[in-house]
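Please keep the sequence and the coordinates at hand while reading.

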Protein chains: 2
Amino acid sequence: MLTAEKVFLLRNKMRNLGIDAFIIPGSDPHMSEYTAAHWKKREFISGFTGSAGTVVILDEEAGLWTDSRYYLQAEEELEGSGIDLFKAAEPETPDYADWIAERLNPGSTIAFEGEVFSIESARKLSKKYKHYGISIDPNQTLLDDIWEGRPPIPENSIFVHETKYAGLNRNEKVECIREKMRQQDASHYIITALDEIAWTLNLRGNDVSYNPVFHAYLIISLDAVYLFIDTHKITAAIGRELAVDDISVQLYSDIFKWVKDMPVESGLLFDPTTTNAKIYALIPREVIKIEVPSIVRDLKGIKNQTEQDGFRSAMVKDGVAMVKFIHWLEETVPSGSVTELSATKQLKKFRAENENFKGESFGAISGFGPHGAIVHYSVTKETDIPLTADNYYLIDSGGQYFEGTTDITRTIHLGTPTEQQKSDFTMVLKGNIALGTTCFPEGTRGVHLDILARKPLWSKGLNYGHGTGHGVGCFLNVHEGPQSIRPNDNGVAFKEGMITSNEPGLYRTNQYGIRIENLLLTLKSNSSEFGDFLKFETLTLCPIDLKSIEPTLLTHEEKQWLNEYHKMVFEKIAPHLTDNLKAWLKEQTKPI
Amino acid sequence: MLTAEKVFLLRNKMRNLGIDAFIIPGSDPHMSEYTAAHWKKREFISGFTGSAGTVVILDEEAGLWTDSRYYLQAEEELEGSGIDLFKAAEPETPDYADWIAERLNPGSTIAFEGEVFSIESARKLSKKYKHYGISIDPNQTLLDDIWEGRPPIPENSIFVHETKYAGLNRNEKVECIREKMRQQDASHYIITALDEIAWTLNLRGNDVSYNPVFHAYLIISLDAVYLFIDTHKITAAIGRELAVDDISVQLYSDIFKWVKDMPVESGLLFDPTTTNAKIYALIPREVIKIEVPSIVRDLKGIKNQTEQDGFRSAMVKDGVAMVKFIHWLEETVPSGSVTELSATKQLKKFRAENENFKGESFGAISGFGPHGAIVHYSVTKETDIPLTADNYYLIDSGGQYFEGTTDITRTIHLGTPTEQQKSDFTMVLKGNIALGTTCFPEGTRGVHLDILARKPLWSKGLNYGHGTGHGVGCFLNVHEGPQSIRPNDNGVAFKEGMITSNEPGLYRTNQYGIRIENLLLTLKSNSSEFGDFLKFETLTLCPIDLKSIEPTLLTHEEKQWLNEYHKMVFEKIAPHLTDNLKAWLKEQTKPI
């Protein structure tokens, strides 16, 4: 079916039901970063295959809102669809909600599918349109009948994430959660974010790309645990384990029935930013609603000793792969046979040589020259270009290991960097060092630390347009909360055990991009009458391109840090290398 | 009348009116930092004379909440009053609002005088007590009948702040304000903060200590200006000026009648954090209320070229006074005759030698040794101690000049500082330099910059418990908004023309306190594809105690900054000194 035909069918349905606007986001019922094909309704209706975007269908107009990564792709994919492209990142582009409001009269109805809207975002829409006298119908699944051949919900088997990697077994985790529930007077807690369910139960799955999660809902009461999951996913062995742990397995789709019929004397705890609006609408009126940031998100963000050690060992594996990869680039690029795409394949191959490697943690950003300046560049067959010795190559990638999840960026020059390139690179490095070496009192948040990574760039009139750091899961999502390092205040203080990326960069449009990313573990530092202090340990193990560094721009302390870091990289990585590679690494990590 | 008698009379009135709790804050109808005696109701009822505190009277209990500065004083002043002291800074002390709620039953009534509560704080109370089923009566002036011999509202004359100092005349300012009003669809704007009224009209007064303001209200409509003020304050000449400028003068107390009778088709703009609840209650229901941060606060925060130049010239005067003072300390302290109190008198005397000096901008904080570690130390006859050469002397003070308002802190050792003292001093200095020399993109807020002043201290496990910077008025309040430099996000970005203090410190309880404070002017820096950048100019001109600096702890750039700063101080201050003092200053500002 052509896009135009699908839209035609949808508009017919809208007219029959008196719906004036229908909103189709790209999300799933769990507000996941990566969604399974079953939930790609925005892709179905519009033909647009990018990872982010929202479609709005009115009776005579239709639009897709997406960000700058996808302007070109969206333009091509929308051709002939009758859906207009709205470039969401441009200041003059209206917000889709405002765009709708400008086009509808009071008394109109806007519909969407509550299952794929978070409570919070559905509320924002309600609030906005109330002002305009426009009503909201959050219970319309108009595409279900139109979508022929819709892929089923994934039925992949789940597997156990062993306690030797997780540090705590699922009963211990459930007890931690219940303690926090009691503090909030909650009798029940509904968990819908897939990584939170996976973490709680020490289970993993294969339902989406990159994130080892599975589709499920979880309800924890003070004396029971209900897992709502497609039974195909559960092997006999896991079924027995769950039975032993007194976890009641229910059908995935029965979550809605359960919520509707839940005990009315309950105090139900949920996070309105991840729980979907369909569930919310079903909660019996008498139930006391306790809306708080997810308990599991906060517990999961603090890595226990086993997880911390796991990350350290995953970093050795990942570092070995990265070292082999950079050495391979040096050897192979001169032949002209390496492209952005083939490089990512080779890197994945090196990572796969490691025990317990379970795939990439995200689609590698592999950008040569001008492509490196596109922050979220995603190489395709159409954009692929060969690597040469003339410019910077930026590679941002990561692996999933049972022991932990990695995320690393290195920027490599295979020839001779210019003075400007060296200065740029060194300013980015100074920011990375300043953030990685700071110590700070408890209570300090990401909004406070963000400037450390930027200040050296600012001193030269430079800056970067993205955040500086995000939380990283343990054999889970490479992007997780609660902490982040950004100019916006998220209200979350750093805690011992958190793992956060440190990734300042610099992007010169049409020239090159530079980013240096390490993962940082938060640890206790000293205590005094002035407070309890925290510090970071740099976990990532991979040399930083020495020939891109202008030593005169580094302070004595910065040089010292770099030399110590490189010494550590050599000591930890070299034992896993051939003599040839060992000698090469020695050179890459020599003191400056 | 004894405090106990006053409380007895008040309780009688409360019983007659069915009031179960009466709240008496220390504020005035303009939410001023310094209040005139007329509004010191909290002081009248309790006998407590401190600058901050709230009294709550219940039928059988009564309490005063104040901060750690006043624990000792409050204990003495409350003795025999039947009013208990609540130490507001202690974590176990309940908030007064919670304390009341715990003691009253649903159906009770809490009363206060809406005129001395901001709309925002009255709303917070309403919201809290609604939850408990307790009602609020914001219209009770129970103390008015009890307070015999209440001082009148000050009747001091106002005077003109000439355009040659203000940069813009009052008509130009009113037009700027109207432009902002139109952007908000406001037909009327009520201004109640005294410094905002003074700024708008280029008038100043003498109604309270330190702040050159006068009691008034101001209403600006799109075609008229109404100044509500006691007519005694207005000289014939100013009366003529105001008439020429079409400013209608009304009685101070007629503001309430005006609001009650205001045109109902208006859009009334006001700031709920400074406008009082009595005014709010009188606004006709039909009037559209536009609640936004004060327009004048934001305009006033950005100093025009004349004001910027005025500050620069005020800094020369203030620097001359400070240099004379520090020299005098060196000469006189050895005799044993200088105390904390006598030092402040001498400093004021030096300041008063300057043309256009109009008094101190706040009560100087003059703390020797352990007293310097008390952040808000206010020396009294009882606490006064002599200065010696054994320890640090911290002097935080400022002057009011027609050209601008100053605020400076220097910490001086008149003997030989210990290694720890030098290290502490140098860390504070490093923070001051880091903040003062940074450049940053537009959009940067105080929450981002705060860490720059703290990071060197953090690296040694040290910190300070106060904010790093506040806005400063131009011949107005020494504390003003909208910007600040603090760990809390106020949402306000730095703008060209803002003047902000830079005052990191370190306080070792029972030992000494160190603070180095300069004022910073925000200026444009470079612009590029990476954004428009801003930087600071250090305005304050006074040497920093060289013998307290440990040079090995400073980077090359920090030494360079210090030497350049001292060179500038000498060049600008020396022409105003005797040869003897000039030679002394040369030594104080020599390069390290």
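**Salt bridges, interface and cores**

A network of salt bridges links A:K41, A:E113, A:D144 and A:R150. The model is a predicted one, and the distances and areas given below are computed from it. Over all chains, a search of the whole structure finds 73 salt bridges.

In chain B, B:K41 and B:E113 form a salt bridge whose closest N and O atoms are 2.6 Å apart.

A salt bridge of another kind of placement is found in chain A, where the side chains of A:D309 and A:R312 meet at 2.9 Å, N to O. Both residues belong to helix α14 (residues 305-332) of chain A, and because they are three residues apart there, about one helical turn separates them. A:D309 has a relative accessibility of 37%, so it counts as partly exposed. A:R312, with a relative accessible area of 24%, is also partly exposed. A further salt bridge joins the side chains of A:E587 and A:K590, again with 2.9 Å from N to O. Here A:E587 is partly exposed at 45% relative accessible area, and A:K590 is partly exposed at 39%.

The next topic is the contact between the chains. The size of an interface is often given as the accessible area lost when the parts come together. For chain A and chain B the buried area is about 2,300 Å², with 61% of it on carbon and sulfur atoms. Chain A contributes 30 residues to the contact and chain B contributes 29 residues. How many salt bridges are there between chain A and chain B? The count is zero. Polar contacts do occur between chain A and chain B, in six residue pairs with both members at pLDDT 80 or more. On the side of chain A that touches chain B, β21 (439-441), α17 (446-458), β25 (505-508) and β27 (518-528) of chain A each supply at least two residues. The most comes from α17(A), which gives seven residues to that side. By type, the residues of the side of chain A that touches chain B are 15 nonpolar, ten polar and five charged.

Because its relative accessibility is 15%, A:R445 counts as buried. The side chain of A:R445 is joined to that of A:D489 by a polar contact of 2.7 Å. A polar atom of the A:R445 side chain also lies 3.3 Å from the backbone oxygen of B:P487. Not counting residues up to four places away in sequence, A:R445 touches A:D489, A:G491, A:V492, A:A493, A:F494 and B:P487.

A second residue to look at is A:S528, in strand β27 of chain A. With 32% relative accessibility, A:S528 counts as partly exposed. Leaving aside neighbours within four places in sequence, A:S528 is in contact with A:F533 and B:G461. The C-alpha atoms of A:S528 and A:D579 are separated by 47 Å, the two residues being 51 apart along the chain.

The last topic is the nonpolar interior. In soluble globular proteins, nonpolar side chains tend to be buried together. In this model the largest nonpolar core has 176 residues, and the members that touch the most other members are A:F325, A:L329, B:F325 and B:L329. Neighbours within four places in sequence aside, B:L329 is in contact with B:P334, B:V338, B:A343, B:L387, B:Y393, B:I412 and B:L414. Another core, of 72 residues, lies apart from the largest one, and its members include B:F112, B:F214, B:I219 and B:Y252.

Notes: Residues are numbered from 1 along each chain as its sequence is written. Chains are lettered from A and ligands numbered from 1 in the order in which they are written. This is a predicted model: local features need pLDDT of at least 70, side-chain atom pairs count only at pLDDT 80 or more; totals for chains, interfaces and linings use all residues. Side-chain values use heavy atoms; hydrogens and water are left out. A nonpolar core is a set of buried Ala, Val, Leu, Ile, Met, Phe, Trp, Tyr and Cys residues joined through side-chain atoms within 4.5 Å. Buried means under 20% relative accessible area, exposed over 50%, partly exposed in between (1.4 Å probe, protein chains only). Contact means heavy atoms within 4.5 Å. Buried area is the accessible area (1.4 Å probe) that two parts lose on being put together, summed over both. A salt bridge is a side-chain nitrogen of Lys or Arg within 4 Å of a carboxyl oxygen of Asp or Glu. A polar contact is a pair of N or O atoms within 3.5 Å; within protein, one must be able to donate a hydrogen and the other to accept it, and residues adjacent in sequence count only if both atoms are side-chain atoms. Helices (H or I, at least four residues) and strands (E, at least two) are DSSP runs, numbered from the N terminus. Ala, Val, Leu, Ile, Met, Phe, Trp, Tyr, Cys and Pro count as nonpolar, Asp, Glu, Lys and Arg as charged, and the others, Gly among them, as polar.
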